[in-house]
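Have the structure open and try each task before reading on.

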Amino acid sequence: MLEEIREYVDAAELILVGIGEEFSIKQAGREQVIEAYETLAGLLKGKGYFIVTLQTDDLIYESRLAKERIVAPCGSDAAGNVVTDEEYDESMYLPQWEVYTKWLQNTLNHKLCILELGVGFAYPSVIRFPFEKIAYFNQKARLVRVHSEFAQLTPEIRERSLSVTMSSVKLLTEQEEKRV
């Protein structure tokens, strides 16, 4: 399945990635999550990409993924500012969110691959619903939704999408093991 996803990525000019709750170390384990990020970094190598992550554990910043191409709207454990905290300060991620929205504006009418990895319904207004909307309006976009439980697609974008019912971390780590 990763080879089919790789074909979507290779055919695209730009890649938009959403990282969801399946990348939680509580769900997948620290080593598997780090390995999944490394596989993702290899998949995105040489491409123009941006990543929106719901994770607050900061493991993504330990990978080879470009830090300047990542926005974490749910906050950071290391900074002590997480969306579930009573004193959450939303302004901390807003400068990077602005970089993301400017990047996103330049994707319209380009071949865009949208990789939604492990995104369920924890914060659907941050990744899931906006990514569907992007895929709907950009007719050159292709959405790949990978989730162990919620890989369903809307009818409007189904023809230009790929649904994979599998843990996104497991997909990235198992497939990588087979390639070695």
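Glu116, Arg128, Glu132 and Arg145 are linked in a network of salt bridges, a salt bridge being a side-chain nitrogen of Lys or Arg within 4 Å of a carboxyl oxygen of Asp or Glu. The model is predicted, so local features need pLDDT of at least 70 and side-chain atom pairs count only at pLDDT 80 or more, while totals for chains, interfaces and linings use all residues. Residues are numbered from 1 along each chain as its sequence is written, and side-chain values use heavy atoms, with hydrogens and water left out.

**Exercise 1. Find the salt-bridge partner of Arg6 and state the closest N and O distance.**

Step 1: The partner is Glu3, with the closest N and O atoms 3.5 Å apart.
Step 2: Helices (H or I, at least four residues) and strands (E, at least two) are DSSP runs, numbered from the N terminus.
Step 3: Check accessibility, where buried means under 20% relative accessible area, exposed over 50%, and partly exposed in between (1.4 Å probe, protein chains only). Arg6 has 16% and counts as buried, whereas Glu3, with 41%, is partly exposed.

**Exercise 2. Which residue forms a salt bridge with Glu62?**

Step 1: Arg30 does, and the closest N and O atoms are 3.2 Å apart.
Step 2: This pair links distant parts of the chain, 32 residues apart: Glu62 is in the loop between strand S2 (48-53) and strand S3 (70-71), and Arg30 is in helix H3 (residues 30-44).
Step 3: Arg30 is partly exposed at 41% relative accessibility.

**Exercise 3. Describe the setting of the salt bridge between Lys170 and Glu174.**

Step 1: Their closest N and O atoms are 3.8 Å apart.
Step 2: Both are in helix H6 (residues 168-179), four residues apart, so about one helical turn separates them.
Step 3: Lys170 is partly exposed at 42%, and Glu174 is partly exposed at 29%.

**Exercise 4. In what order do the six strands of the open sheet lie?**

Step 1: The order is S3-S2-S1-S6-S7-S8, with parallel pairing; two strands pair if DSSP finds at least two bridges between them.
Step 2: S3 and strand S8 (161-165) are the edge strands, each pairing on one side only.
Step 3: Strand S7 (residues 141-147) runs parallel to S8 and is joined to S8 by five bridges. Leu143 stands opposite Ser161 in S8.
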